[in-house]
Amino acid sequence: MKYTDFEKSISWAASEVFNQTDQHLWTPILEMASKIKLDETCKTNECLLEFHHDDHLSLDVSFGILSPAALLPAEFMPTWWDLYVERCDQLVPSQSFFETIDTNNASPKYKKRNTSFSCALPDYHYLEFDFLENSIRLGGVFQRLDSLKNEVPPQMLNEILDYCLILQEKGNRTSECEQMLKDIFECLGCPFWIGLMIGRGDMIKLVFKSSVSLENIQPSFLQWFSSDFQVSFKNAIECLYALEQTGVRCCLDLCLSKPSNHPRLCFEIFPANHVKESTSWSVLNSLQSSFNLKEDLILQICNLYNDLPRGVKKTPFSHIFPCPQLPFNTIAAIFSHYKICLEKDKPLQLKTYAHVVAEL
């Protein structure tokens, strides 16, 4: 069986799009990308680049994979990984995961396991890797939830968490934690992603794509958190609601065994037009005004994405040009979104993300 890897697409991004960055940033990422192999029947390689705009720019990466078709290095993966993938709902091969899934027509896209869930847990995952000073580690496995009906009962989300976590031998949640999660789900809706954070105890990330507009969120779940957290949440919502032409996702980092009263709170901000944003920076300028971001941070982001959007597409005449031919039909690096991170006793952090997608 033949396999392809991610290394060429990441290498293209490093050399052609982000070539002004310190190339030492890319060394561990290229190393990791060369270790992940996909069956040649997988025609799409997808990576999400995460830029940390600290004093020294740093970079993490997530690889989007059809998990049953991937060869992953055993030294990075948890022992329960293969069993976990077997418990996920299988994507129907004729359907594309990259298409928007209509809530009313999601069921035919899956060969669903024997569960009572009114949502599917597809066997397509993002694997997020952290690049530490002298090592690489798997930071998290992100499990998407696709609604099969218009609404998912809030209590079902606790059952889904149990289903996802049972192989990891996590401790039982207290009744207070169960109720807290139920209240969160009732207010913010069904999570779009659940991040199973490997190596970080029983920490999970919940990424919400709420059907409830920001101004209509009922913040009754805030009773579980400190007054400082409540103020941060309400102030952020007020600022983000004022943004035009954007989609917003709320993200919570929660410790299941001992929930903090001031968990890490993030908001992902998706411009309606990604290409336009990478030239006009209208959303970025609004974020600067709303959150008092420093001017040098704004300049760093604009300079970093100076070459976006960038892409290459093969044509019947590609062979006559002198440049080397890429082993892709199309490849593109596209600005994806911003993330505002609010954490106790730490300054606000802004991250940016870029998608690199190669069609073989």
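**Exercise 1.** Find which residues of helix H1 (residues 7–17) are buried, and what covers them.

*Solution.* Start with the model itself: it is predicted, so local features need pLDDT of at least 70 and side-chain atom pairs count only at pLDDT 80 or more, while totals for chains, interfaces and linings use all residues. Residues are numbered from 1 along each chain as its sequence is written, and side-chain values use heavy atoms, with hydrogens and water left out.

Step 1: Buried means under 20% relative accessible area (1.4 Å probe, protein chains only). In H1, Ser9, Ile10, Trp12, Ala13, Ala14 and Val17 are buried.

Step 2: Look for contacts, meaning heavy atoms within 4.5 Å. The cover over these H1 residues includes helix H2 (27–35) and strands E3 (44–52), E4 (58–66), E16 (310–313), E17 (330–342) and E18 (349–359). Helices (H or I, at least four residues) and strands (E, at least two) are DSSP runs, numbered from the N terminus.

**Exercise 2.** Work out how helix H8 (residues 282–291) lies against helix H9 (residues 295–304).

*Solution.* Step 1: Their axes, lines fitted to C-alpha atoms over the stretch in contact, come within 11 Å and cross at roughly 165°. That makes H8 roughly antiparallel to H9, a label for angles over 145 degrees.

Step 2: Now list the partners: Leu284, Asn285 and Gln288 in H8 meet Glu295, Ile298, Ile301 and Cys302 in H9. These contact residues divide into 4 nonpolar, 2 polar and 1 charged. Here Ala, Val, Leu, Ile, Met, Phe, Trp, Tyr, Cys and Pro count as nonpolar, Asp, Glu, Lys and Arg as charged, and the others, Gly among them, as polar.

Conventions: Axes fitted to C-alpha atoms, helices over the stretch in contact; angles between N-to-C directions. Parallel < 35°, antiparallel > 145°, perpendicular 65-115°, else oblique. Buried < 20%, exposed > 50% of the residue type's maximum accessible area, 1.4 Å probe, protein only.
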